[in-house]
Amino acid sequence: MSEIDYHAALSAGDAVRGATSPNPPVGCALFSPEGELIATGGTSPAGGAHAEINALRAAGSRARGATAVVTLEPCNHTGRTGPCAKALADAQIARLVYLTTDPNPQAAGGADYLARHGVEVVFEPRRVDALVPWLTSIERGRPSVTLKYAASLDGFTAAPDGTSKWITGPAARRHVHADRAVRDAIIIGTGTAIADNPSLTARYDDGSLMATQPRRVVVGTRAVPEGNLTRLGFEQYATPDDALEALWESGARDVLVEGGAGLAASFLEQGLVDRVQAYAAPLLLGAGTHVVPAALAATLAEAPRYRLTHVTVLGDDVLIEMER
């Protein structure tokens, strides 16, 4: 291969987001010596095969002499499955290209193992969006938290009379549902649960459910009345820390906080927000419900700052994504 083709591996990882936790959504692509794509694989749900194994199974004997492009360093330990590094070596691949080092000391070392077994190893560091929440969760020992909100250009999520549907248009709402489908859980506060009775599902335009659905979590001590949340099933915890601890222990690694304003403030005040998704609508309200109802800092120097990662135009709306 004269140039490394990452796209097939990245796409294979993107395709399994939302279905692999607590394992990372890894993608693997196998290429012939001439650069022809042989096979791809993504991580199976927990307990199933890793991306490399799925790609090797799809390739069969054609894996011999191939180049494997993997979004995360192949594992070098035996858990529910065997080490992927050994499987790649046994399949007699000629070259490994990996895009992210494994931060888990129990699983790391696959690249060194393959190098010792005669495989050419190339590390091509680059950001893999599908892996970012999982990497954050491993670093912090809790699920990665993304705060999502939709607001007017002047920062209001609802008008003075309380109306909030719909601040954003159909394209933005469609993106929200697709994003929900790749999250392990959605978290809302009891105020939102009581006032809006949301379904918290990932749906298509016709209302049908997408194949993968997030867990539904409510944070707060107030009782939530019977309704959609009860019918669909939800979990309730008293505090953000309680929710994140329980979610982590049960395998969740990527969660979305959807509101309301009080819950957003709690997560922000405790330094628990790793990323922000701000859907900005092309309207001005001048008054209403703020995104965050309380001051987070007394001066600019003390304010929590985020780094811009993506800007996406969705119809008339703009999605601004940032991370700590």
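Apart from neighbours within four places in sequence, N54 is in contact (heavy atoms within 4.5 Å) with T40, G41, G42, T43, S44 and A49. The structure is a predicted model, in which local features need pLDDT of at least 70, side-chain atom pairs count only at pLDDT 80 or more, and totals for chains, interfaces and linings use all residues. Residues are numbered from 1 along each chain as its sequence is written, and side-chain values use heavy atoms, with hydrogens and water left out.

N54 is placed in helix 2, residues 51-59; helices (H or I, at least four residues) and strands (E, at least two) are DSSP runs numbered from the N terminus. A polar atom of the N54 side chain lies 2.8 Å from the backbone oxygen of G42, and the side chains of N54 and S44 are joined by a polar contact of 3.0 Å. A polar contact denotes a pair of N or O atoms within 3.5 Å; within protein, one must be able to donate a hydrogen and the other to accept it, and residues adjacent in sequence count only if both atoms are side-chain atoms.

Y6 is located in the segment before helix 1 (7-14). With a relative accessibility of 15%, Y6 counts as buried, the term being applied under 20% relative accessible area, with exposed over 50% and partly exposed in between (1.4 Å probe, protein chains only). Beyond its neighbours within four places in sequence, Y6 is in contact with V69, L99, E124 and R126. The C-alpha atoms of Y6 and E124 are separated by 9.8 Å, although these residues are 118 places apart along the chain.

The domain assignment, from an automatic or database source, gives domain 1 (6-131) and domain 2 (141-323). Their C-alpha centres lie 33 Å apart. Seven residues of domain 1 are in contact with 12 residues of domain 2. Between them the domains bury about 710 Å², of which 41% is on carbon and sulfur atoms; buried area is the accessible area (1.4 Å probe) that two parts lose on being put together, summed over both. In domain 1, R17, G18 and R127 lose the most area to domain 2, together 59% of what that side buries.

Two salt bridges are counted between domain 1 and domain 2, each defined by a side-chain nitrogen of Lys or Arg within 4 Å of a carboxyl oxygen of Asp or Glu. The side chains of R17 and D254 form a salt bridge with an N to O distance of 3.2 Å. The side of domain 1 that touches domain 2 comprises two nonpolar, two polar and three charged residues; Ala, Val, Leu, Ile, Met, Phe, Trp, Tyr, Cys and Pro count as nonpolar, Asp, Glu, Lys and Arg as charged, and the others, Gly among them, as polar.

Helix 5 (residues 132-140) has V132, P133, W134, T136 and S137 as its buried residues. Their cover includes helix 9 (240-249) and strands 6 (144-152), 11 (254-259), 12 (275-281) and 15 (317-323). Just after helix 5, G141 adopts a positive phi of about 65 degrees.

V276 lies in strand 12 and, at 8% relative accessibility, counts as buried. Not counting residues up to four places away in sequence, V276 touches L147, Y149, Y306, I320, E321 and M322.
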